[in-house]
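Q: Can you walk me through this model? I'll ask as I look.

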Amino acid sequence: MHSKFIFIFIIVLAAGFTANLEAAEKDYCIECHKTLDGSAKEPTERIEGDVHFKRGLSCSDCHGGDPTKEDFTEAKDPAKGFIGKPKRGDIPSFCGRCHADPAYMRKYNPNIPTDQLAKYHESQHGKLNMQGDQKVAVCISCHGVHGIREANDPQAPVFISNIPRTCASCHADKEYMKEYSIPTNQMEEFEKSVHGEALLNKGDRGAPACTSCHGSHDAALPRAIAVGNICAQCHSLTRDLFTKSPHKAAHDSLGIPECEACHGNHNIMRTSDEMLGNTGQAVCIKCHTADSKGYAQASSMKNAIEALKGDIKESENAVEMAENIGMEMSDARFDLDEAKNSLTKSRTYIHTFSKEAVEEITKAGIGLADKAKDKGRKAVAEFDFRRKWLAVVVAIILLLAFAVYLKIRGMEKK
Amino acid sequence: MFQKIYNWFDERYQITSSRDFFAKKTVPVHKHFVWYYFGGITLFLFIVQVVTGILLLFYYKPSAAEAFESVKFIMTRVEFGWLIRSIHSWSANLMVFSAFVHLFSAFFLKSYRPPREATWITGSFLFFIVMGLGFTGYLLPWNELSFFATKVGTQIAGAVPVVGSYIRTILRGGEEISDATITRFFALHVMVLPIAAAAFMGLHLIMVQLQGMSEPLSQISNPDKKSMKFFPNFLLRDVIVWLIIFAGLLALSVIFPWELGKKADPFSPTPLGIKPEWYFVWMFQTLKIIPAKILLFDGEVLGILGFGAAGLALVMLPFIDIWARKEKRNPLLSILGICVILYILLMTYLAYFGPQK
């Protein structure tokens, strides 16, 4: 009898302990919102992919309240810090409670930047936000909400190749942007540009997106003076040559943006030699008149590059001809590749705007192309020489065979 | 003076008796006479291989880092290097072709009949050695095609049941085709296989000389048998054939110089449509089209075991063909031989011109 009571006592104790354990593990925010409809349910459908949720944070870590209480009045008790849904304009500081706190963020990632909020306040978005603009971009406009992914997650709206479309969701919307008086064709132009082609179509993550030039949290219009610095992040040699050229002072004094003046901004097209010189689509004649020194320089640089191109083409033909007849031409190919490198280099050195600098490179390239051409022609001549001698040697061998045949015939006649 | 030197050697090495032996030796003359030349052609091409191979050895460097560059050096810088390398490559292929013809002609003429069983066995070993020389030599320029073809070839060897992975590791000198592979292929190509070839060739030729050329079955009952002296009549005919082959070899080497291709990059993916040398392609194609499972067995393993069994049957043919042992015809075996040739041709055709996966 005694032992029966002890047994029942243990069972009841165990059941109570298990129930308590379950209650402790249960997050009633999610449990309850799952049973609701519409926007109240939507966060629970995305929360599992959320970077915060994966690191052990849940609804109450942002929205406050007590997730262990099943009763919603208890769970959403303001006395327990319940904030609920923040106002749109308050979102930056709402997220900044943690993201601007280095001590807190270090627990999760010691390398994560914590200056986003400060930068945001410096940005055009942040400035308008502080003026009470409720339409301007806040954190969730770019990062999403309740399903926030890390920036290196290809599904994240802020993943490098998704950024243009994320920015365009507002900036390409004419109706939405109406009151800001800024163009809305940036995305359309970017898609056609060499950068857009690389990033969006070829998936080249090294290609720039909007944030590469405009910044992200501190997004701002690049002032004219900063354009060159922005492009120099990738095109450093070109920028270096430009700053040493006479064009630098001219652009500065006239207030003309550096690279943009010739190449454009969102619609930067693949460069071609047509952009150089004084005919057709040449950009030089936009500023330089026919009687100017720059006009003549442009023409000389164009001629030097065209001469190298023509020589490379001739060499290519000579080497190909030799290869087609089976000659080993890898050495000539090496020279030809070097000549092509000179062509690439000369195109970069256009940004010195000095015909001497460009011609020095094209002359070296022409020398290499000529070397390859010479090897190609010599190989073809060598092949002809071999064929002639082959005919002689084969004739001698066959003559010898015929002589042996005559010997056999003579021998067998006897 | 000449007579004195001759006598000096004759006293010691009985040259006169050997000369008398060759003087008496005859070669049967009949409608299948032409096939007798192919043994001599294969021998001639082997000699060309040895001579050009030795010349290539002066410059070739057997390492993954230097092999390709050294062959390129031979082809572009060494005087007549291009010609020597081209002759070596062309004559290798012609030698394999000639060995195939010689093997099948001996098969159809039933030259393996007693007492020439050992001649056939040494010949079939020579055939395998020639194939081995082709396989090991193919990798040595270390170009893209040869690298990946060897990778595929050694991979196939790895599918042999039980010992496959050991064979693959031994062939490659490790898990992958590397520097260790090229050095062992080089050792096999210039030392092991040529010595083995020379030994078997010596035995093969001694037996042919001692026993004479085999006559086809159709000649046995021919009352009007013809023959010619081996020396000088047949040998001079051989010389004519060799001269013509040599002229052809020169023409091929000059008009279609053997390409070097691109240097092998072990880290690049296997290029599409990679194939072994043409004489292995029929086996490669068989393994490609064989179903993955045949009953309970792995298709590829069955294919490899099939090739092994065929190779063994080839060596043991003189003991398998019991009709030939009794000097009788067995058309079934000849039909089987024709089927094998047609099969090889069909598989080779499919590999080059069939649907490419």
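Q: Which residues of α11(B) are buried?
A: The buried residues of α11(B) are Phe234(B), Asp238(B), Trp242(B), Leu243(B), Ile245(B), Phe246(B), Leu250(B), Ser253(B) and Val254(B). Buried means 20 or more other C-beta atoms within 10 Å of the residue's own; exposed means 12 or fewer, partly exposed is in between, and C-beta atoms are placed from the backbone. Helices (H or I, at least four residues) and strands (E, at least two) are DSSP runs, numbered from the N terminus.

Q: Before we go on, what are the ground rules for this model?
A: This is a predicted model: local features need pLDDT of at least 70, side-chain atom pairs count only at pLDDT 80 or more, and totals for chains, interfaces and linings use all residues. Residues are numbered from 1 along each chain as its sequence is written, while chains are lettered from A and ligands numbered from 1 in the order in which they are written.

Q: What are the scores?
A: ipTM is 0.87 and pTM is 0.69. Chain B has a mean pLDDT of 93, with 100% of its residues at 70 or more. pLDDT is the predictor's confidence in each residue, from 0 to 100.

Q: Back to α11(B). What covers its buried residues?
A: The cover includes α23 (355-413) of chain A. From chain B it includes β1 (26-29), α3, α5 and β2 (226-229).

Q: Why does the end-to-end distance of α11(B) agree with its 26 residues?
A: At 1.5 Å a residue, those 26 residues should span 38 Å, and the end C-alpha atoms are 35 Å apart, so the two agree. The expected span is 1.5 Å times one less than the number of residues in the helix.

Q: How many residues from chain B and chain A does the contact take?
A: It takes 20 residues from chain B and 18 residues from chain A. On the chain B side, α4 (67-76) and α11 (230-255) are the elements giving two or more residues. α11(B) gives the most, with 12 residues. By class, the chain B side has 15 nonpolar, 2 polar and 3 charged residues. Nonpolar here covers Ala, Val, Leu, Ile, Met, Phe, Trp, Tyr, Cys and Pro; charged is Asp, Glu, Lys and Arg; the others, Gly among them, are polar. Contact means C-beta atoms, placed from the backbone, within 7 Å.

Q: Which residues touch the most other members of the largest nonpolar core?
A: Of its 54 residues, those are Leu45(B), Met95(B), Val130(B), Leu139(B), Leu140(B), Trp142(B) and Ile182(B). The largest share, 9 residues, comes from α5(B). A nonpolar core is a set of buried Ala, Val, Leu, Ile, Met, Phe, Trp, Tyr and Cys residues joined through C-beta atoms within 7 Å.

Q: And what does Leu140(B) contact?
A: Leaving aside neighbours within four places in sequence, Leu140(B) contacts Ala67(B), Ile182(B), Phe185(B), Phe186(B) and His189(B).

Q: Where is Ala198(A)?
A: Ala198(A) sits in helix α15 (residues 194-201) of chain A. It counts as partly exposed because it has 17 C-beta neighbours inside 10 Å.

Q: What does Ala198(A) touch?
A: Not counting residues up to four places away in sequence, Ala198(A) touches Asp204(A) and Ala207(A). The C-alpha atoms of Ala198(A) and Pro208(A), 10 residues apart along the chain, are separated by 8.7 Å.

How values were computed. Contact = placed C-beta atoms within 7 Å.
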